[in-house]
Amino acid sequence: MRAHAADPTLTAGRIAAALNISVRTLNRAFARENESAMRWLLDHRLEAAHTALAEGRTRSVADAAFDLGFSDLSHFSRAFKAKYDLTPSEVHHRRSAEDH
């Protein structure tokens, strides 16, 4: 999943098919950790975006979102804000301010 996390078309169905298991079996494996495959993927993408923005490895919030598998900038921004209590722009601007 990590290797293909940036693929915006990655779904639980595609992951399960690649592993030759059912979606139900995939989700049961994640349920042991009180997680789902897609929730894990979302968190992984958000962490990667936060790191890229905080370290200045991306030119813009949109680039971070789209490069890391998000296809909807509004969804990305809402999920990022819910996880970090900061907007992606705030993280990006903090890095930009530190560079000047």
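Predicted model: local features only at pLDDT ≥ 70, side-chain atom pairs only at ≥ 80, totals over all residues.
Colleague: Why is the pair aspartate 7 and arginine 14 called a salt bridge?

Modeller: The closest N and O atoms of aspartate 7 and arginine 14 are 3.1 Å apart. The cut-off is 4 Å between a side-chain nitrogen of Lys or Arg and a carboxyl oxygen of Asp or Glu, so the pair qualifies. The structure holds six salt bridges.

Colleague: What makes aspartate 7 and arginine 14 partly exposed?

Modeller: Aspartate 7 has a relative accessible area of 22%, and arginine 14 has 42%. Buried means under 20% and exposed over 50%, so both residues fall in between.

Colleague: Why does lysine 83 with aspartate 43 count as a salt bridge?

Modeller: For lysine 83 and aspartate 43 the closest N and O atoms are 3.8 Å apart. That value is within 4 Å, so the pair counts.

Colleague: How do you know whether aspartate 43 and lysine 83 are buried or partly exposed?

Modeller: Aspartate 43 has a relative accessible area of 15%, which is under 20%, so aspartate 43 is buried. Lysine 83 has 33%, between 20% and 50%, and is therefore partly exposed.

Colleague: Which other salt bridge does lysine 83 form?

Modeller: Lysine 83 also forms a salt bridge with glutamate 47, where the closest N and O atoms are 3.8 Å apart. This pair links distant parts of the chain, with lysine 83 in helix 5 and glutamate 47 in helix 3, 36 residues apart. Glutamate 47 has a relative accessible area of 41%, so the label is partly exposed.

Colleague: Which residues are linked with Lys83 in a network of salt bridges?

Modeller: Arg39, Asp43 and Glu47 are linked with Lys83 in that network.

Colleague: Which residues touch the most other members of the largest nonpolar core?

Modeller: They are Leu46, Leu53, Phe70, Phe76 and Phe80, out of 14 residues in that core. Helix 3, helix 4 (61-67) and helix 5 each supply at least two residues, and helix 3 gives the most, with four.

Colleague: What does phenylalanine 80 touch, leaving out residues up to four places away in sequence?

Modeller: Phenylalanine 80 touches Leu46, Ala49, His50, Leu53, Asp85, Leu86, Thr87, Pro88 and Val91.

How values were computed: Residues numbered from 1 in each chain as written. Heavy atoms only, no water. Buried < 20%, exposed > 50% of the residue type's maximum accessible area, 1.4 Å probe, protein only. Core = buried A, V, L, I, M, F, W, Y, C linked by side-chain atoms within 4.5 Å. Contact = heavy atoms within 4.5 Å.
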